[in-house]
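Welcome! Take a moment to look over the model, then follow along section by section.

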There are 2 protein chains.
Amino acid sequence: MKRHTTIEDVAKAAGVSKSTVSRALNNASRISIETRERVLRIAEELKFEPSHIARSLSTRRTMTVGVLLEDILNSFFTEVAKGVETVVKKAGYTMLLTSSDYDLEEEYRLTRILVRNKVDGILITPIREDSKAIEFLKSRHIPFFMMNNKSEDPDVSWVDTENIEGGYIGAKYLTDLGHRRMMYIGSDKLRGTRERFEGFRKALEEKGIPLDDQLILGDVNAQKEGYALMNRFLEKEGVSSLPTAIMTVNDAVAIGVLESLIEHNVKIPEDVSLLGFDDINIAGLIRVPLTTVHQPKFAMGEVASYMLINAIEGQARTRAQQFLLKPHLVVRESCRELS
Amino acid sequence: MKRHTTIEDVAKAAGVSKSTVSRALNNASRISIETRERVLRIAEELKFEPSHIARSLSTRRTMTVGVLLEDILNSFFTEVAKGVETVVKKAGYTMLLTSSDYDLEEEYRLTRILVRNKVDGILITPIREDSKAIEFLKSRHIPFFMMNNKSEDPDVSWVDTENIEGGYIGAKYLTDLGHRRMMYIGSDKLRGTRERFEGFRKALEEKGIPLDDQLILGDVNAQKEGYALMNRFLEKEGVSSLPTAIMTVNDAVAIGVLESLIEHNVKIPEDVSLLGFDDINIAGLIRVPLTTVHQPKFAMGEVASYMLINAIEGQARTRAQQFLLKPHLVVRESCRELS
DNA sequence: TTGTACGCGTTATCAA
DNA sequence: TTGATAACGCGTACAA
């Protein structure tokens with residue numbers, strides 16, 4: 001059974017006590033330059049790596065933040081994570097990344113695992129703002145920050161895009177192009193979708209377009225699901241029952257839908273206009289460059305992690321904070337004007 | 001200063017000792033049903049979460065595996081990670097995900113952080129098979145498994161695609177289409193690229209096409225870099241000096257290159273044929289559906305993590321293992337036959 | 001400036 | 001079936 005080198009080994013090799021080694025590694029003060037350098041040299045020779053575990057147990061700090069995303073295969077989330085990583089790393093923290101795949105039980109399970117791991121704080125894109133995971137974090141007084149969702153609770157901090165406005169911008173663009181009969185694909189279980197749909201509704205109302213005529217298709221979040229849903233629809237209802245425009249809850253779903261449409265020989269945007277949401281890095285490069293509503297993803301990760309670390313390290317009990325990010329339309333080639 | 005509930009608190013509340021609580025939580029044996037259920041109930045009431053930190057310190061196991069990727073924004077790697085997550089989760093482990101961004105120093109730094117965190121094992125897509133990070137892992141006898149790379153060292157376990165064959169398949173396809181003057185974009189610093197290029201060379205040799213006529217452009221791995229490189233090339237050399245076909249080291253780079261070409265009004269595949277590598281999930285959906293060499297990404301993650309956990313948990317000192325995965329060509333629309 | 005001794009929260013060992 | 005006690009490896013008052 002091989003054991004790793006401990007602080008004790010270094011101490012012996014240097015002929016000093018554990019505390020001296022510890023001071024040499026952390027506390028620059030209260031130690032003579034000579035012994036400090038000698039200890040450091042010996043530690044390096046022995047390839048000593050201080051046990052993060054033991055250190056955390058002692059200091060009650062782990063210097064890690066847990067990041068719990070909904071779908072790691074959707075680059076919306078990895079772009080957010082990239083923003084997180086940037087600021088977190090600069091502050092000396094490590095991020096622990098996991099993904100719930102939109103499964104509430106899994107989200108709860110992973111949250112508890114993060115807490116067991118004693119992360120200093122948690123960044124989460126919650127499936128629902130009132131999920132068990134959120135309740136758990138609140139009751140345990142774990143510093144956390146919601147991303148890509150909102151909460152009515154004034155004690156909860158979050159950063160989110162103005163989804164109603166985003167939905168409105170997108171739908172207004174479609175109605176301005178002359179579309180009257182549309183399909184909205186998303187998940188009514190998610191607040192973000194509901195808000196985007198609310199904006200969609202608002203835009204239609206303004207033009208006096210009845211909502212009853214619209215097709216609302218739900219519970220879809222991931223690319224695969226969008227693909228499967230559209231396949232089912234086309235096989236059941238046929239191409240002829242397609243509306244003139246489709247708005248999806250995010251680009252991943254839009255791409256899945258696009259894939260299905262192409263396989264069924266539906267031309268975009270000639271036969272159907274397609275509008276996404278998020279503006280993920282690939283959106284402009286897919287077969288039909290996707291017109292979509294841009295979300296500031298990287299900034300979302302930056303803001304959330306910056307504020308979380310503030311809360312972790314802040315001495316005074318700071319108030320919860322909320323941030324709204326502005327979306328904007330990015331016009332590409334997936335929508336056409338109706339003649 | 002708020003403290004979390006510990007095993008001690010539960011013990012007091014239940015009127016038993018720490019050891020009994022511990023047994024109730026882990027060891028089903030050697031404890032009476034009644035006390036066990038009572039303890040568990042009380043633990044639940046107190047929302048007790050055992051400290052993973054303390055447990056790890058005691059058991060010398062963390063039940064986490066570190067996953068160190070090269071580029072988290074390239075979905076090749078997240079697809080591999082998805083494969084890892086699947087088997088790792090089933091075995092009760094958590095994965096700790098990080099990304100080096102092709103930076104050797106960063107790779108080394110992150111490796112040491114993972115070791116400090118006392119992960120039970122490490123899965124790594126190493127930038128180089130002989131990097132400091134790998135040396136470090138070997139010298140410290142940390143169980144690890146290389147993905148997406150090979151090693152001559154018989155003690156090192158790895159899983160990789162047959163890159164030479166992959167490069168050959170791709171280049172042969174291009175030469176069969178009649179291409180004679182090509183451009184190869186990758187990084188000669190990476191073994192995978194060198195191997196793929198070796199296959200490229202082999203295919204050209206078979207047809208008697210001189211290698212000297214080919215343009216070899218290096219150090220490019222990520223989408224952004226591919227985009228920047230092609231921009232520089234076009235601005236310096238002009239569109240007229242473009243070859244008839246471009247082969248890239250991976251799809252991410254191909255997409256970046258495509259982006260640049262489109263902006264310069266170069267038509268794919270009419271003006272230039274473009275061939276990728278990896279077959280990432282988006283490859284078939286980009287503006288010009290990408291003809292590419294498929295790698296079994298998910299399987300790569302599965303094999304590596306399965307074997308790593310075997311090594312971690314295996315009692316007998318198992319030999320190092322090597323796996324070669326077969327690539328195959330996926331023909332889409334980004335290459336054309338030369339008349 | 002350095003060393004001693006204790007605490008962090010859990011599991012493992014050995015008695016009872 | 002239970003409980004007391006010693007690890008696990010590090011940081012840190014407090015003492016020297």
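## Before we start

Helices (H or I, at least four residues) and strands (E, at least two) are DSSP runs, numbered from the N terminus. Axes are lines fitted to C-alpha atoms, for helices over the stretch in contact, and angles run from 0 to 180 degrees between N-to-C directions.

This is a predicted model, where local features need pLDDT of at least 70 and side-chain atom pairs count only at pLDDT 80 or more, while totals for chains, interfaces and linings use all residues. Residues are numbered from 1 along each chain as its sequence is written, chains are lettered from A and ligands numbered from 1 in the order in which they are written, and side-chain values use heavy atoms, with hydrogens and water left out.

## Two domains in chain A

Chain A is split into domain 1 (7–50) and domain 2 (63–339); such bounds come from an automatic or database domain assignment. Between the C-alpha centres of these two domains of chain A there are 49 Å.

## A parallel sheet

Strands of a sheet pair through backbone hydrogen bonds, either parallel or antiparallel. Here, two strands count as paired if DSSP finds at least two bridges between them. In chain A, six strands make an open sheet with parallel pairing, in the order S2-S1-S3-S4-S5-S11. Its edge strands are S2 (94–99) and S11 (322–325) of chain A, each pairing on one side only. On average, neighbouring strands of this sheet are turned by 15 degrees against each other, direction ignored.

How many bridges join S5(A) to S11(A)? Four bridges link strand S5 (residues 158–161) of chain A to S11(A), and the two run parallel. In one pair, A:Trp158 has A:Gln322 of S11(A) as its bridge partner. Helix H6 (residues 104–116) of chain A lies across S1, S2 and S3 of chain A, at about 175 degrees to S1(A). Helix H7 (residues 132–139) of chain A lies across S3 and S4 of chain A, at about 155 degrees to S4(A).

Strands S9 and S10 of chain A run parallel and are joined by four bridges; A:Leu275 is partnered with A:Thr291 in S10(A), and A:Phe277 stands opposite A:Val293. S10(A) and S12 of chain A, by contrast, run antiparallel with three bridges, and A:His294 has A:His328 as its bridge partner in S12(A).

## Meeting the DNA

DNA strand D is surrounded by 27 residues, the closest being A:Ile7, A:Arg55, B:Ser19, B:Thr20 and B:Arg23; a residue is near a strand if one of its heavy atoms lies within 4 Å of it. The largest share of this surface, four residues, comes from H4(A).

Which atoms approach the DNA? A polar contact is a pair of N or O atoms within 3.5 Å; within protein, one must be able to donate a hydrogen and the other to accept it, and residues adjacent in sequence count only if both atoms are side-chain atoms. A polar side-chain atom of A:Lys18 is 3.1 Å from a base nitrogen of DNA strand D, while one of A:Ser58 is 2.9 Å from a sugar or linking oxygen of DNA strand D.

Key
Contact = heavy atoms within 4.5 Å.
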